[in-house]
Amino acid sequence: MNVGDLNRREFGEQLAGDGVALQFGPFNLRLRSDLDSFAAHAHQLYEPYPLPETTAICDFHVQICAPRGLRRWLRRQACFGVDGQFPFAPYTVEHAFPALEWGINWCVATRAHHLLLLHSAAVERNGRAILFPASPGNGKSTLCTALVHSGWRLLSDEFGLVRPEDGLLLPIPRLIPLKNESIDVIRRFRPEAIIGPSFLATRKGTVAHVRPPLDSIRRAQEPARPRWLIFPRWVSGAPLTLEPMSRSQAFLMVATNAFNYDVLDETAFRLVTDMVHACDCYSLVYSDLNEAIPALDELCNSMDR
Amino acid sequence: MILMAAGRGLIWQDWGDVYLVYQPSSAETHVFNETTAQILKCLEHGSLSTATAKERTEAALGVDLGELAADDFAFATMRLEELGLVESADDVSTAQ
């Protein structure tokens, strides 16, 4: 059963009541909200996402709700909560949806320490995955969005979830938040992409969420083996370069981009060293998706020849 | 002056151009060049005087005795001390 099997009214009632359990890759979360505008956005954008079995245990219990007490009547705000705690300052109610999405990221990054959490986008094709470790602002979400609308499968635009038992990447194909100019870049690059409403003047500028292709959502329980580590950097007007990078430099960049490298200690060291050994490492500078995507396709195709 | 290894149970990865060393006692990962790694490796078998450690490092690096600049050796040793991987102490036998 998917979110879309509930109509808008049923979905809203469940959100406002006991909450709706949602499955995002390896995580189940129970979501509650008493905000009508949020429910409308969530119903639209989460439509193809699966609902877990009713007996499934939820990893996170999150809510995006109006504040309690007098503040509820003074300003229309939305508070993100997890397990009854409210770790962030309230958001304006118009930004409830991106606030919830950021909050879920925060839950994963701060709590899912049974996995190594790389700060990285990840896509897969023909059983081989590319990881794009990068800091915000380097164009990894834009690149990732373009790739998953060009025949690649989305694993995640934010997390490289590495399973310690075998080093495989677990998919968490959530919505992809595009920021500012990236929104129009993707609208032009793939007009068929399903992009939600633009939320203006959020804490990260204008944000709009791309819904991943259905294939990525349906294959959310299918892990992938990392094959390439590519460190992207978007530079306005720059010619495309895809150059090999030393493994030692790649190791440092992956380890320093991990959310919980320090938490996992020796396990993280072994996972990252094994991964870097198993991958070809490149730095990618791009300004034009029409150049970058074929270059990455060619990299993948060269493995099959 | 004698040098002794302070880190225990280090996990090594030789990546050709660099060595990656995981230090369980601090949960830190270090990236060392060949010279620094060889200093640390020669101390894993026991304490050595500074002069002997330098000689063994030179041997491990495959360079002639005295070819490793004293300043470079001292800098690398100081970094290892700062990281808690090496300790130094006065050489009692020399003092006597």
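Author: Helices and strands here are DSSP runs, numbered from the N terminus: helices are H or I with at least four residues, strands are E with at least two. Read in this way, chain B follows the pattern β-β-β-β-α-β-α-α-β-α. Because its radius of gyration is 13 Å, close to the 12 Å that the globule rule gives for 96 residues, chain B is as compact as a globular protein of that length. That radius is taken over C-alpha atoms, and the rule is 2.2 Å times the number of residues to the power 0.38. The model is a predicted one: local features need pLDDT of at least 70, and side-chain atom pairs count only at pLDDT 80 or more, while totals for chains, interfaces and linings use all residues. Residues are numbered from 1 along each chain as its sequence is written, and chains are lettered from A and ligands numbered from 1 in the order in which they are written.

Reader: How many domains does the assignment of chain A give, and where do they lie?

Author: Domain bounds come from an automatic or database domain assignment. For chain A it gives domain 1 (3–111) and domain 2 (116–304). Two residues are in contact if their C-beta atoms, placed from the backbone, lie within 7 Å. By that criterion, 17 residues of domain 1 of chain A are in contact with 22 residues of domain 2 of chain A. On the domain 1 side, α4(A) makes the largest share, 6 residues.

Reader: Which residues have the most contacts inside the largest nonpolar core?

Author: In soluble globular proteins, nonpolar side chains tend to be buried together. A nonpolar core is a set of buried Ala, Val, Leu, Ile, Met, Phe, Trp, Tyr and Cys residues joined through C-beta atoms within 7 Å. Buried means that 20 or more other C-beta atoms lie within 10 Å of the residue's own; exposed means 12 or fewer, and partly exposed lies in between. The largest core has 117 residues, and A:Leu117, A:Val123 and A:Val254 have the most contacts inside it. Helix α9 (residues 261–278) of chain A gives the largest share of this core, 8 residues. Since domain 1 (3–111) and domain 2 (116–304) of chain A both give residues to this core, it lies between them. Beyond its neighbours within four places in sequence, A:Val123 is in contact with residues including A:Cys144, A:Trp152 and A:Leu155.

Reader: How is strand β3 of chain A paired?

Author: Two strands pair if DSSP finds at least two bridges between them. Strand β2 (residues 27–33) of chain A pairs with β3(A) in the parallel sense over 5 bridges, and A:Leu31 has A:Val62 as its bridge partner in β3(A). With strand β4 (residues 77–82) of chain A, β3(A) pairs in the antiparallel sense over 4 bridges; here A:Phe80 is the partner of A:Ile64. Strand β3(A) is mostly covered, 5 of its 6 residues being buried.

Reader: Is B:Val18 buried or exposed?

Author: B:Val18 counts as buried because it has 21 C-beta neighbours inside 10 Å. This residue is found in the loop between β2 (11–14) and β3 (19–23) of chain B. Not counting residues up to four places away in sequence, B:Val18 touches A:Ser248, B:Val31, B:Phe32 and B:Asn33.
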